[in-house]
Amino acid sequence: RVPLLTASLSPAALEYVRSHPLEPLDVADFERACGVGVCVTPEQIEEAVEAVIGEHRAELLAERYHFNMGLLMGEARSRLRWADGKTIKNEVDLQVLHLLGPKTEADLEKKPKAARARLAPVEKQKVAVVENGEVGTETQSLLEQLRGEALKFHKPGENYKTEGYVVTPNTMALLKQHLAVTGGQVRTRFPPEPNGILHIGHAKAINFNFGYAKANGGVCFLRYDDTNPEKEEEKYFTAIREMVEWLGYQPYAVTHASDYFDQLYTWALELIRRGQAYVCHQKVEEIKGHNPPPSPWRDRPVEESLLLFEDMRKGKFGEGEATLRMKLVMEDGKMDPVAYRVKFTPHHRTGDKWCIYPTYDYTHCLCDSIEHITHSLCTKEFQARRSSYFWLCNALDVYCPVQWEYGRLNLLYTVVSKRKIIRLVETGAVRDWDDPRLFTLTALRRRGFPPEAINNFCARVGVTVAQATMEPHLLEACAREVLNEQAPRVMAVLEPLKVTITNFPAPKGLEVLVPNFPADESRGFHKVPFQPTIYIEETDFREEVDKGYKRLAPGQPVGLRHAGYVIAIQNVIKEASGRVIELEVTCTKSDAAEKPKAFIHWVSEPLACEVRLYERLFLHKNPEDPSEVPGGFLSDLNPDSLRVVHNALVDSSVLSARPFDKFQFERLGYFSVDPDSEEGKMVFNRTVTLKEDPGKA
C-alpha cells in the first residue's frame, strides 16, 4: 500500500515513477527524489536571488525593466529546487525594485523587436527554413543541429522515456545489460542495401547517422543489409564504403546482416516456440495489398511449424511455396509480415549454406539489438514499421533500441531509383552510374562536387521530420562556396582565337607569376608562359562594338590578366568565308597605358584539353510525375544536357593534376579533372559556373 504523499503529483514525482517502471516503490527513495521534508528558509531564498541578480547586474542596469525577469526566476529556482516559486518571485521583485527604483515612462514603453531572428524551434532545428525548395542563408552546422538535446532524443539507457516504447517486465534488466556493454555511449548505424550506388538522398542519411554519433561522442556502424542475395554485387559494397569515407566519416565497424544469420535463425525457432510465428503457404500475390485474406495456417501447431521451418531450411520447399510469418498487425494494417522466405540463390558471403533468407522486417531490429544500437534512425516511410520493431524485440525478450524517423531528401530534375538509372544507361542517355549528370554520390564526385559541399547542403536542408524536396541550384550554391576557398585559379580558353603580339617586349618568351588565389597571395603562385602568340576566347573580341560591350574591339584595348600589359587591335585576319581566325595586336605596359575598360584571360604555350559542359538531364522538375511528363521520364531528356568542347586550351601549370583535382578557370567556372584524362589529353568536367544562372533560380 503506497502512502499518500503531498508531492505525488509534482513533476519530480512523475519523473521518478517514469524512471522506475515496474519496480516496487521505495518510499524513502521516492520522498528524497521529491524533496519531501526539505525546508528552504527565507534567508536561503534571499541569498540565491541576490547572487543571481549580482551576475546580471550590468545587463539589468542597462536594460532596466525591459530585462527578462523570467531568467532571474529560472536561475534562482535551479539553485533552490524545492523552494516555493511564488516566494522566489516576490524576492526577485523586491530586490529588482531596490536596485532600479520605481518604473519610469521609458520603462513602460514596449521593447522594440530584436533585429535578429530567433532560432527555429527544436523540430525544425534549422535556421535554414525549407520552403518550396528554397533554403535560407543562415545555417547551423550539422553537428550543432545534432548535438545534445537538440533533437529531444532519449539518452542511452533511457529508451523507456520515448513515447510509444513498450516496457516489459524484463526491460530494465535488459537496459542495464545494454549500458554495461556500451558504457552509456551513443550508437547509431547506417544500413544500406548493397544493390545499388548511393545517391544524394543517402548523403542525408549518412550525415544524420554518422553526424548524430559524432556530435554526441558516440560511434556509428556501417552495416550492409545483405539479405537479398540475387541483387547484391561486390562493386556496390566497395562503392558504398568509399562514399561514406569520401564524405568524411569513418565507420566504427563494418558489419553485415549476414554476420548474424545463425543467431537470426535461432531466434526464428524461438519465435515459433513462443507461438509468435508460423509457416504459411499463401502465395505472394495472395498476401499483397491492404486487405489480404487471413492465413488459414495461422493457428497451426507449434511443432508442425518447427518441422516445416526446418524443411524450408533444408530446401524441401520451392521458392514461393512456404514462408515464415510473424503474428502481428502493423500500423498500416499489414497483417503478419514475412520473416523468412525461400531463395535458391548463393550468397556472396555465406555461399550455399542458406536457401532461406530473413526479410527487412525481421532482420533490421534484431541486428540493431545485437549491435546495441541506441538510436535507430530511419526515413519517414519506416514509421509504419515502428510497432513491429518494438514487438519483435519484446517477443524474443532481447534488448530493444528506439527507432526515430526523419524526412527524406529529394532533388528536383532527377531520378535516383536503381531501375530508372539502369534504363538511362541501357538507352545510352547516360554513360554509367557515375555520369556527372546524375545525382548519385559517385556522379557528384566525378563532376567535381567537394564532399564538404554535399555535407553543407544537408546541413542547410536541416534535420526535419517533413520530407524536403530541393532545387539543384541550392546544392550548386554550396559547391561554389567551398570551391571558392579550395580551387586554385588557372586560365583556360574554351573557344580559342589566335592573337599575335607584333611588338612583343622581349626577344624571347617571358614567364608570368599568377597567384593561385588572387584574394590571398600568401597561398602561392604558379608560372605561366607569356609568348608573342597567345590565345583568347572568341567571344572576347568583336569587330563592332555594341553599347555596354567592354572587351577587345578595334579602337577598344583590353588588359591581359596577370600579364601587366594592355593590347590593342592592329589587324584582323579572316579566312575566305569572313570568319576571324587571327588578330594582330600591339601591347603596352599597363602603367604606361590608359586604364582599359576590361581585363580578359588568355593562355600561351597551352595544353590541349577536352572540356565537358553539363546542364540538367531532365527538362521538367518532376520527370517521374505522369501529370508533368505523360510520356514517362525517358521522354523528358534534355538534348543539351552535355556539350563537349574538344579543342579547349588550358595553361600548362595543370599538367601534373590528377583525377578529381579541382580548379577555377578564371571567368568561366569551376572544373574538375575527369578520370578519362590520359597523357597528352586532359579532360575536365564543369562542376558549376561562377555565378548561378538566373534561369535556374
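Select domain 1 and domain 3: their centres, taken over C-alpha atoms, are 58 Å apart. Domain 1 covers 8-101 and domain 3 covers 260-360, with bounds that come from an automatic or database domain assignment. The model is predicted, so local features need pLDDT of at least 70 and side-chain atom pairs count only at pLDDT 80 or more, while totals for chains, interfaces and linings use all residues. Residues are numbered from 1 along each chain as its sequence is written, and side-chain values use heavy atoms, leaving out hydrogens and water.

Next, pick helix α15 (residues 360-370) and helix α16 (residues 386-395); helices are DSSP runs of H or I with at least four residues, strands are runs of E with at least two, and both are numbered from the N terminus. The two helices pack at about 65°, their axes 9 Å apart (axes are lines fitted to C-alpha atoms over the stretch in contact, and angles run from 0 to 180 degrees between N-to-C directions).

Now move to Glu471, in the loop between β13 (468-470) and α20 (472-486). Is Glu471 buried or exposed? Glu471 is buried, at 5% relative accessible area (buried is under 20%, exposed over 50%, partly exposed in between, with a 1.4 Å probe and protein chains only).

Finally, show the six-stranded open sheet, ordered β19-β16-β22-β21-β20-β23 with mixed pairing (two strands pair if DSSP finds at least two bridges between them). Its edge strands are β19 (533-537) and β23 (599-600).
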